[in-house]
Amino acid sequence: MADNRPPLTIVQVLPALNSGGVERGTVELARELVRGGHRSVVISAGGRMVEGLLSEGSEHIEMPVHRKSLMSLLQVRPMRRLLAELEADIVHVRSRVPAWIVWLAWRGMNPKTRPKLVSTFHGMYSVNFYSAVMARAEHAIAISDCVKKYMQVNYHVPEEKITLIPRGLDPAAFNCDACSPAWRKDLFTAYPELEGKHIILMPGRLSRWKGQEAFLEMMAHLVRLRKDCHGVVVGDAEPGKQHYFEELLAKRDALGLADKVTFVGHRSDIPAFYALAAVTCHMSNKEEPFGRTVPESLATGTPVVAFDRGGASESLNAGFPQGLVPADDIVAFAARVDDLIDADAEIKLPESYYLSSQLASTLGVYRRLLEQR
């Protein structure tokens with residue numbers, strides 16, 4: 001990602017660095033910025049992804065920017081001092097609480113020397129005063145067309161202040177090589193029930209809207225169509241929501257799927273699971289802003305079946321439209337999975353879904369804003 005212009009100091013701010021699409025996107029963009037010769041700084045409350053972030057050349061500053069509390073306003077002055085000390089060119093906010101802290105800090109800085117302020121709408125936020133801070137940035141990035149339209153309709157963000165940039169993925173991480181013979185051997189040793197089966201993958205944190213319940217219902221239909229399938233759910237429950245995992249286990253057993261669906265919890269080797277799978281499923285029960293698992297799986301060459309709505313529909317239309325089924329039609333979903341298990345899938349994921357494109361587009365946003373100064 002060579003750039004002949006002077007390197008920039010980019011500060012990204014988000015609540016924490018534990019897991020999730022926003023967090024992974026932040027870390028990946030940080031890595032690409034460093035590779036491009038820029039100074040990358042991330043401010044968060046910390047988390048298990050910090051070590052990897054540091055090892056890839058970024059700086060991390062721990063700050064309690066995650067609490068949904070008026071006490072967070074105590075971080076405004078420290079944030080203002082920090083941004084000045086860092087001599088940041090760009091401060092890029094990715095969540096609402098940090099956005100409030102940053103915006104209040106930024107507003108009190110010298111307009112001639114303060115960093116340019118960018119936000120990314122990672123979701124279709126509830127329409128209220130609290131969420132509206134994301135639209136106060138000088139420029140906003142939308143991760144999908146449905147998010148862009150939501151911003152325009154609900155927050156009246158003008159067209160010229162929005163750039164559509166899909167989340168980019170790293171082709172070095174998401175490819176069929178991730179599933180090595182040694183990795184397979186280790187997996188089958190730990191989960192012998194998976195060996196010799198067509199793996200039907202359901203990735204994503206355990207959450208009611210992510211569709212794990214629908215996945216179990218779909219698997220109940222699928223195993224009646226064919227006996228050589230096994231469902232694998234990758235992801236863990238959010239803190240304090242372990243009871244939902246217990247509900248899913250009870251539902252699995254009630255559907256007679258105890259020997260047909262395996263929960264493997266949080267995994268850091270998700271690319272290998274994509275490459276192992278016969279089909280990946282995306283079953284969110286509402287419009288998802290992007291649906292990162294769709295392009296990730298497609299990049300490994302594994303077909304995806306998804307409900308025809310939201311950001312998942314957009315990326316599937318772009319790379320594998322035959323994977324779309326009518327929203328909430330469980331029977332049609334199972335039939336499509338059945339069809340694709342033995343099919344030769346023709347997958348063509350556009351370049352706009354890769355990190356190189358995301359970085360170029362994001363840097364373009366940064367540079368245009370700086371030129372306005």
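1. Start with the sheet: 7 strands make an open sheet, ordered β3-β2-β1-β4-β5-β6-β7, with parallel pairing. The edges belong to β3 (59–62) and β7, each with a single partner strand, so one side of each has no neighbour in the sheet. On average, neighbouring strands here are turned by 25° against each other, direction ignored. Strands count as paired if DSSP finds at least two bridges between them; strands themselves are DSSP runs (E, at least two residues), as are helices (H or I, at least four), numbered from the N terminus.

2. Before going further, keep in mind that this is a predicted model: local features need pLDDT of at least 70, side-chain atom pairs count only at pLDDT 80 or more, and totals for chains, interfaces and linings use all residues. Residues are numbered from 1 along each chain as its sequence is written, and side-chain values use heavy atoms, with hydrogens and water left out.

3. Inside the sheet, have a look at β1 (residues 9–13) and β2 (residues 39–44), which pair in the parallel sense over 5 bridges. Glutamine 12 has valine 42 in β2 as its bridge partner.

4. Now the helices. α1 (residues 21–35) packs on α13 (residues 355–372) at an angle of about 75°, axes 10 Å apart. Axes are lines fitted to C-alpha atoms, for helices over the stretch in contact, and angles run from 0 to 180 degrees between N-to-C directions. The two helices α1 and α13 are therefore roughly perpendicular (65 to 115 degrees; under 35 is roughly parallel, over 145 roughly antiparallel, the rest oblique). Glu28, Leu29, Arg31, Glu32 and Leu33 of α1 meet Leu355, Leu359, Thr362, Leu363 and Tyr366 of α13, contact meaning heavy atoms within 4.5 Å. By class that gives 6 nonpolar, 1 polar and 3 charged residues.

5. Compare α7 (residues 212–225) and α8 (residues 242–254): their axes come within 10 Å and cross at roughly 10°, which means α7 is roughly parallel to α8. Gln212, Glu213, Leu216 and Glu217 of α7 make the contact with Tyr244, Leu248, Lys251 and Arg252 of α8.

6. Glutamate 159 counts as partly exposed because its relative accessibility is 44% (buried is under 20%, exposed over 50%, partly exposed in between; 1.4 Å probe, protein chains only). Leaving aside residues up to four places away in sequence, glutamate 159 touches Lys148 and Gln152.

How values were computed. Ala, Val, Leu, Ile, Met, Phe, Trp, Tyr, Cys and Pro count as nonpolar, Asp, Glu, Lys and Arg as charged, and the others, Gly among them, as polar.
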